[in-house]
Number of protein chains: 2
Amino acid sequence: MEIHQLVQQIKIKKSFLCVGLDTDTKLLPKYLAGADDPIFEFNKAIIDATHFVTVAYKPNVAFYEAQGEKGWLALRKTVRYIKDNYPEIFTIADAKRGDIGNTADMYARAFFDDLGFDSVTVAPYMGRDSVEPFLAHPNKQTILLALTSNPGAADFQLGTTDQTALFEKVLETSQTYQNAHNLMYVVGATRPEYFQQVRKIVPNSFLLVPGVGAQGGSLAEVCKYGLTDNIGLLVNASRAVIYASSEANFAEKAGEAAFKLQEEMRAILNKAGI
Amino acid sequence: MEIHQLVQQIKIKKSFLCVGLDTDTKLLPKYLAGADDPIFEFNKAIIDATHFVTVAYKPNVAFYEAQGEKGWLALRKTVRYIKDNYPEIFTIADAKRGDIGNTADMYARAFFDDLGFDSVTVAPYMGRDSVEPFLAHPNKQTILLALTSNPGAADFQLGTTDQTALFEKVLETSQTYQNAHNLMYVVGATRPEYFQQVRKIVPNSFLLVPGVGAQGGSLAEVCKYGLTDNIGLLVNASRAVIYASSEANFAEKAGEAAFKLQEEMRAILNKAGI
């Protein structure tokens, strides 16, 4: 998928909501326990209930890997289901991979070619040759970790490197990588005060923003500096949407939670004249 | 597995060789193409031929993921095969995972509990709460990336943070994490000049050293500063061993390549009086 298609979808739906499919077998509604593939059945119900107001789905690969081959199959079926039924929706493998060149190439093939995701999250620690094999895939987006939403982000990402914080150096350096036009960045909602610095370095890049909802980030604060003329934001909610209820009405409640977020987003987009 | 068991095995085998199972379906000997599970058959033959002189096996998870569910099954069978037949050998999932707390916990479960690996490689970019869920597993080792062997390592790892290179900060900071005694570190053989600095910060930690062989690192130079009284080194070779031949005699040739590396290691250990 090309970025302009994502932007078009955002404008049509008046939403830049990404729903994180962190599907935990321990948190599934009880009545799904007997299903042949409870993870997929849960995802399918969530997707059907939220797709009207959602422009991206982001399965968190760890939750599928923890279930072994079955989990991997559920992941494959989930992406397939989205592509078959809602082909306009952007898909993100939240995998945070990062390894040397020939290995990065294998990961890129796994997520882009074999599973068919539109994008994958990648960790920057190993530098250029760990990122460029992902960027080499045309019409696929590589979402590099810059400033994450967790407390541990303070350990290294905020440290200074020649007067520049590591996350700023990651933004700057990665812009020199080959096919950098295929880059997006993860910037957490829990640190909205840094969005201004981020936008100084990457004024137009799309940012995937986790941390709204369960982690406490504010949508309005993120948009204050994060929003661009071309929107430039995908705001993720995972637990706040998919676990809105643990009862039989879980999908309906997830739909309501997503709709509520979209209403906030619509107001922000309208106010910005987008 | 506990570290003293690994050390004991190294002393018995006079080897600190780790063989990387970067099993690429495109590089398998042709006659395996018809096998039911060619990846596993290849690994099994390599393991049987090299186990005498090998103290650790390190499947590179990307190569298995690129084959989807089948690859995941081949990975599971490979670890199982090692544990069933050579239970003294240390197993490393080279996965380079790194994500926020609840997700890191899922990855730890996938590799330690579900697949049964003794250790997993982890990326430090997201800090404390992305690492501690791995460290919480008793008798399991978490191998944190410090200074990697690839050219891209220069992008961020060698950058200074308040006069300290990022890889030094990673070593220092991670030593304050809960259960830090379960930490090992990746330090690449392609930068032997840094081993002295590494040993100043972590004088006793085990280091997993990639980059000898195909990537050009020197075993003697690594050992000069890396070796401790308790050995403290696992030196990995992947392609140089497993692709020593692409003919029907690939396993025999892999055994010879591993044996040649072990001879160098034996000489080093003897000289050091270990």
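# Salt bridges, chain interface and helix packing

Over all chains, a search of the whole structure finds 30 salt bridges. The structure is a predicted model. Six salt bridges lie across the interface of chain A and chain B, and the two chains bury about 4,900 Å² between them.

**Salt bridge within chain A**

- Asp114(A) forms a salt bridge with Arg76(A), and the closest N and O atoms of this pair are 3.0 Å apart.
- The pair links distant parts of the chain, with Asp114(A) in helix α5 (residues 101-114) of chain A and Arg76(A) in helix α4 of chain A, 38 residues apart.

**Interface of chain A and chain B**

- On the side of chain A, 57 residues are in contact with 57 residues of chain B.
- Of the roughly 4,900 Å² buried between chain A and chain B, 55% is on carbon and sulfur atoms.
- Glu69(A), Tyr125(A) and Phe156(A) together supply 19% of the area that chain A buries against chain B, which is more than any other three residues.
- The rule finds six salt bridges across this interface.
- Asp99(A) and Lys96(B) form a salt bridge, with their closest N and O atoms 2.9 Å apart.

**Helices α2 and α4 of chain A**

- Helix α2 (residues 38-50) of chain A and helix α4 (residues 68-85) of chain A have axes that come within 9 Å and cross at roughly 25°.
- Because angles under 35 degrees count as roughly parallel, α2(A) is roughly parallel to α4(A).
- The crossing in which α2(A) passes α4(A) is right-handed.
- From α2(A), the residues Ile39(A), Phe40(A), Asn43(A), Lys44(A), Ile47(A) and Asp48(A) meet Ala74(A), Lys77(A), Thr78(A), Tyr81(A) and Ile82(A) of α4(A).
- By class, six nonpolar, two polar and three charged residues make up the contact of α2(A) with α4(A).

**Helices α5 and α6 of chain B**

- The axes of helix α5 (residues 101-114) of chain B and helix α6 (residues 128-135) of chain B come within 8 Å and cross at roughly 30°.
- A right-handed crossing takes α5(B) past α6(B).
- On α5(B), the contact is made by Gly101(B), Ala104(B), Asp105(B), Tyr107(B), Ala108(B) and Phe112(B), and on α6(B) by Asp129(B), Ser130(B), Pro133(B) and Phe134(B).
- The contact of α5(B) with α6(B) comprises six nonpolar, two polar and two charged residues.

Key: Residues numbered from 1 in each chain as written. Chains lettered and ligands numbered in written order. Predicted model: local features only at pLDDT ≥ 70, side-chain atom pairs only at ≥ 80, totals over all residues. Heavy atoms only, no water. Axes fitted to C-alpha atoms, helices over the stretch in contact; angles between N-to-C directions. Helix = DSSP H or I, 4+ residues; strand = E, 2+ residues; numbered from the N terminus. Parallel < 35°, antiparallel > 145°, perpendicular 65-115°, else oblique. Left-handed = near helix turned anticlockwise from the far one by under 90°. Contact = heavy atoms within 4.5 Å. Nonpolar A, V, L, I, M, F, W, Y, C, P; charged D, E, K, R; others polar. Buried area = accessible area lost by both parts, 1.4 Å probe. Salt bridge = Lys/Arg side-chain N within 4 Å of Asp/Glu carboxyl O.
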